[in-house]
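User: I'm new to this one and would like to learn how to read it. Could you walk me through some features?

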Amino acid sequence: MHKYLPSWLFCRENRNKTSSGASSPVSLSHSGDQEDMVIERVVTHIITLHTELSSLSDLSPCEEVNRLFNELVGLCTRTVGERVASKVINNARIIPILPTLRHICAVAEYHLESHWAFIISGPDSTENEDSVYDRLVKFPYFNNYVDLTRLELGAISAVETTPIRKIAFIGSGPLPMTSLQLIYILSPDIEILNIDHDPSAISQSSRLCERLGIKGKGMKFLCSDAGACDLTDFDVVYLAALVGSTQHEKEALLIDIVAKMRKGAILVVRSAHGLRRVLYAEFDPTTEAVKRCLDVQAVVHPYNHVVNSLIVGKVRN
């Protein structure tokens, strides 16, 4: 057991995993003609959802948007063999629509977070902070962030035993769910710097944390581009899944960010695997450019309701 993390971090709890709209893992591994039929059904389903989402003029949360994204996330979090997933991702009909579909997902995710940040913060500035927190836990993907954060902390503790004091989260968005979980799990004395290039995201997230009172203690905010910050004081730096939309962009940002970190500090990069690559761009940590600046220690791919994979590395010289 890691001596700096609470024992319950590693305890498995029963939760209602259906709130995110993700289906339970269902194996779609087949062989021969049956496998081809499965691939065709998945490809057709993705194309249909892309067509329906592309026709919408507004991706803010509503019954239709929620239905389509619940369906898409449920499809993409099913467990499939790597061969099936690769054939889907590299299908001639899927390749042209992937950039626009991922962009649609990114825009919708921003609208979802902004919508819930407004709801959680509430209109009454004198309201009890417990009431604000009660609304926070009703966020549809709350359990996803709880389990993803625990997964990441477990991976970090496996490669580094030094106590974590300061964390920077790049691409924190309007609703800094991971940062709030880190505060809750690690220590109320920890300091987390939430960094985002969007002033509206910083404004909403900082107001939300003010409304959370003691539960938002330790949260700081900075409106800045990903690679423009001095990160030498931070033990751990997170790079959100939506920071950079291609391998080339993510690699360039990573190199820029690592150059501003101290040697031996931890970088956590969120990625995607399997059909989840429909939702988020995959990041390959094995390229020569990455290996020159980052010593990759662990790569974790979840097979449950958690959407993102994670890559944990230590900064080289």
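Analyst: Helix 4 (residues 98-121) and helix 8 (residues 199-211) have axes that come within 9 Å and cross at roughly 30°. Axes here are lines fitted to C-alpha atoms, for helices over the stretch in contact, with angles from 0 to 180 degrees between N-to-C directions. Helices are DSSP runs of H or I with at least four residues, strands are E runs of at least two, and both are numbered from the N terminus.

Before we go on, this is a predicted model: local features need pLDDT of at least 70, side-chain atom pairs count only at pLDDT 80 or more, and totals for chains, interfaces and linings use all residues. Residues are numbered from 1 along each chain as its sequence is written, and side-chain values use heavy atoms, leaving out hydrogens and water.

User: Which residues in helix 4 and helix 8 meet?

Analyst: Contact means heavy atoms within 4.5 Å. From helix 4, Tyr110, Ser114, Ala117, Phe118, Ile120 and Ser121 meet Ser200, Ala201, Gln204, Arg207, Leu208 and Arg211 of helix 8. Sorted by class, that contact has six nonpolar, four polar and two charged residues. For the classes, Ala, Val, Leu, Ile, Met, Phe, Trp, Tyr, Cys and Pro are nonpolar, Asp, Glu, Lys and Arg are charged, and the others, Gly among them, are polar.

User: How many helices and strands are there in the chain?

Analyst: The chain has 10 helices and seven strands. Of its 317 residues, 51% are buried. Buried is under 20% relative accessible area, exposed is over 50%, and partly exposed is in between (1.4 Å probe, protein chains only).

User: How many salt bridges does a search of the whole structure find?

Analyst: A salt bridge puts a side-chain nitrogen of Lys or Arg within 4 Å of a carboxyl oxygen of Asp or Glu. The search turns up 19. In one of them, arginine 83 meets glutamate 35 at 2.9 Å, N to O. Arginine 83 sits in helix 3 (residues 82-89) and glutamate 35 in helix 1 (residues 32-54), so this pair links distant parts of the chain, 48 residues apart.

User: Is glutamate 35 buried or exposed?

Analyst: Glutamate 35 is buried, at 5% relative accessible area.

User: What about lysine 166 and glutamate 191?

Analyst: Their side chains form a salt bridge at 3.7 Å, N to O. Lysine 166 is in strand 1 (residues 166-170) and glutamate 191 in strand 2 (residues 191-196), so the pair ties together parts 25 residues apart in sequence. Lysine 166 is partly exposed, at 22%.
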